[in-house]
Amino acid sequence: MTFETTFPDGFLWGAATASYQIEGAVAEDGRLPSIWDTFSAEPGKVLGGESGEVACDHYHRVPEDVAIMKELGLEAYRFSVAWPRVIPTGTGAVNQVGIDFYSRLVDTLLDNGIRPFVTLYHWDLPQALGDKGGWLNRDTKDWFAEYTGAVVGALGDRVTNWTTLNEPWCSSLLSYSLGHHAPGHTDPVEGLVSAHHLMLAHGTAVPVIRELCPDAEVSITLNPTQVFGPDNPSEADLDAVRRADNVLNGIFFGPLFHGAYPQSLLEDTAHLTDHAWIQDGDLEVISAPLDNLGVNNYFPTRVRHAEGATHPLPGGDGVEDTDPHPPLTDMGWEISPKGHHDILIRSWEESRLPIYVTENGSAWPDVIESGPEGAAVHDPDRTAYLHGHLDAAKQAIDGGADIRGYFAWSLMDNFEWAFGYSKRFGIVHVDYGTQKRTIKDSGHEYARIIASHRP
């Protein structure tokens with residue numbers, strides 16, 4: 001498979017991970033449990049009863065992992081900081097040993113010519129704050145600002161790319177309304193409340209970052225999804241698309257970039273709540289100006305109208321999910337470069353900010369093989385997915401979207417949340433028994449693409 005698409009000069013090439021998915025060492029050096037440690041320990045919540053207890057053991061393997069990044073030619077690495085490693089009780093005393101780990105990681109990246117992109121929150125809330133209500137508690141915004149100050153104060157002399165939250169849709173609606181992620185609640189209103197408090201935490205943290213790191217580029221990463229209706233939609237189908245789009249996309253695009261929730265979302269959910277948690281001044285805080293937007297995207301969403309359907313997402317009355325169109329990845333996710341292109345254009349139009357594709361990738365049932373040149377993983381489906389979605393991103397650039405970089409998800413196979421270790425997204429294979437890393441064919445192809453863009 002050949003890839004001949006050329007991206008603009010200065011386009012940034014990277015890969016991404018998240019703390020709980022790769023670090024392991026969950027009880028070492030002062031780290032206390034996160035809500036994901038608790039959730040993983042509940043029977044039936046994570047496939048196979050697995051957890052991030054060991055994961056990829058990245059906590060002990062930073063030099064090896066950064067060496068792989070350098071071999072791939074990565075120009076940037078997006079990782080997240082574990083709040084319970086830095087402030088184990090969520091608020092109060094800072095754990096210097098935890099801060100030092102990330103400081104060493106940053107130094108190692110910089111020593112190898114790799115630019116750190118730091119995400120402050122990728123879902124691993126300290127359990128101590130989960131016990132206080134988690135994201136249902138408005139005070140969590142202030143605790144997040146305190147934590148932000150600790151991390152940026154320690155790393156802001158070397159790190160300029162800061163992301164407040166990763167995919168707040170997942171840590172709110174997926175976690176508090178659909179129950180698939182920690183803490184596993186299934187209340188439609190709780191999804192709305194937690195989404196608002198997450199955005200409020202984001203907006204509260206932005207000025208903290210700017211004060212402590214004057215050269216910062218401040219961002220948030222969303223996971224918007226292109227919503228498709230039937231090929232020949234009725235008026236009711238179009239309304240189902242609107243309802244779904246509101247609760248998947250508008251719920252964040254509106255407050256963050258337009259200073260208001262979509263009015264129709266408020267109307268669609270008025271029978272559930274009076275929205276009293278939206279207080280005076282909140283939307284001004286939430287819509288604090290940003291420098292760029294991170295977009296994570298893997299697949300589109302398909303819906304139609306169904307009379308009497310009760311969707312678990314708030315405002316989803318009459319909305320029915322429909323099957324994805326093949327081909328599908330090992331996650332059962334639709335492969336849709338068109339959907340990727342369309343949501344990148346939409347994200348740029350909504351935000352009018354430079355965009356980084358901060359996650360994009362696919363899971364496949366990889367098999368490691370031994371050959372004359374050593375171990376190998378032949379993953380043509382992942383390579384084809386990479387090609388198709390990079391092409392889509394370039395088409396979005398050609399269509400006017402200001403897209404500045406691409407981060408492959410993921411640097412390495414890891415703990416895939418509720419799916420445990422059953423799904424592999426990495427461009428680097430991890431043998432979880434031995435922790436041996438093997439660059440897959442897709443990783444070698446990504447390295448070739450990166451090298452082809454060097455002067």
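This is a predicted model: local features need pLDDT of at least 70, side-chain atom pairs count only at pLDDT 80 or more; totals for chains, interfaces and linings use all residues.
Visitor: Let's start with the strands. How many strands make up the closed barrel, and how do they pair?

Guide: In general, strands of a sheet pair through backbone hydrogen bonds, either parallel or antiparallel. Here, 8 strands form a closed barrel with parallel pairing, in the order β1-β2-β3-β4-β5-β7-β10-β13. From one strand to the next, the twist averages 25°.

Visitor: Which residues belong to β1 and β13, and how many bridges join these strands?

Guide: Strand β1 covers residues 12-16 and strand β13 covers residues 403-409; the two run parallel and are joined by 5 bridges. To find a spot on screen, look for alanine 15, which stands opposite alanine 408 in β13.

Visitor: Which strands does helix α13 lie across?

Guide: Helix α13, residues 337-351, lies across β7, β10 and β13, and runs at about 130° to β10.

Visitor: Now the charged residues. How many salt bridges does the structure hold?

Guide: Side chains of opposite charge can pair when their charged atoms come close. This structure holds 30 salt bridges. One of them joins glutamate 359 and arginine 78, at 3.1 Å from N to O. Glutamate 359 lies in strand β10 and arginine 78 in strand β2, so the pair ties together parts that are 281 residues apart in sequence.

Visitor: Are glutamate 359 and arginine 78 buried or exposed?

Guide: Glutamate 359 is buried, with a relative accessible area of 4%, and arginine 78 is buried too, at 1%. Glutamate 217 is partly exposed at 28%, and arginine 115 is partly exposed at 29%.

Visitor: Which residues are linked in a network of salt bridges?

Guide: Asp366, Asp379, Arg382, Asp413, Arg424 and Lys440 are linked in such a network.

Visitor: One last stop: where is aspartate 282, and what is it in contact with?

Guide: Aspartate 282 is found in helix α12, residues 282-286. Aspartate 282 is buried, with a relative accessible area of 2%. Leaving aside neighbours within four places in sequence, aspartate 282 is in contact with Arg138, His196, Leu200 and Trp277.

Note on methods: Residues are numbered from 1 along each chain as its sequence is written. Side-chain values use heavy atoms; hydrogens and water are left out. Helices (H or I, at least four residues) and strands (E, at least two) are DSSP runs, numbered from the N terminus. Buried means under 20% relative accessible area, exposed over 50%, partly exposed in between (1.4 Å probe, protein chains only). Contact means heavy atoms within 4.5 Å. Two strands pair if DSSP finds at least two bridges between them. Axes are lines fitted to C-alpha atoms, for helices over the stretch in contact, and angles run from 0 to 180 degrees between N-to-C directions. A salt bridge is a side-chain nitrogen of Lys or Arg within 4 Å of a carboxyl oxygen of Asp or Glu.
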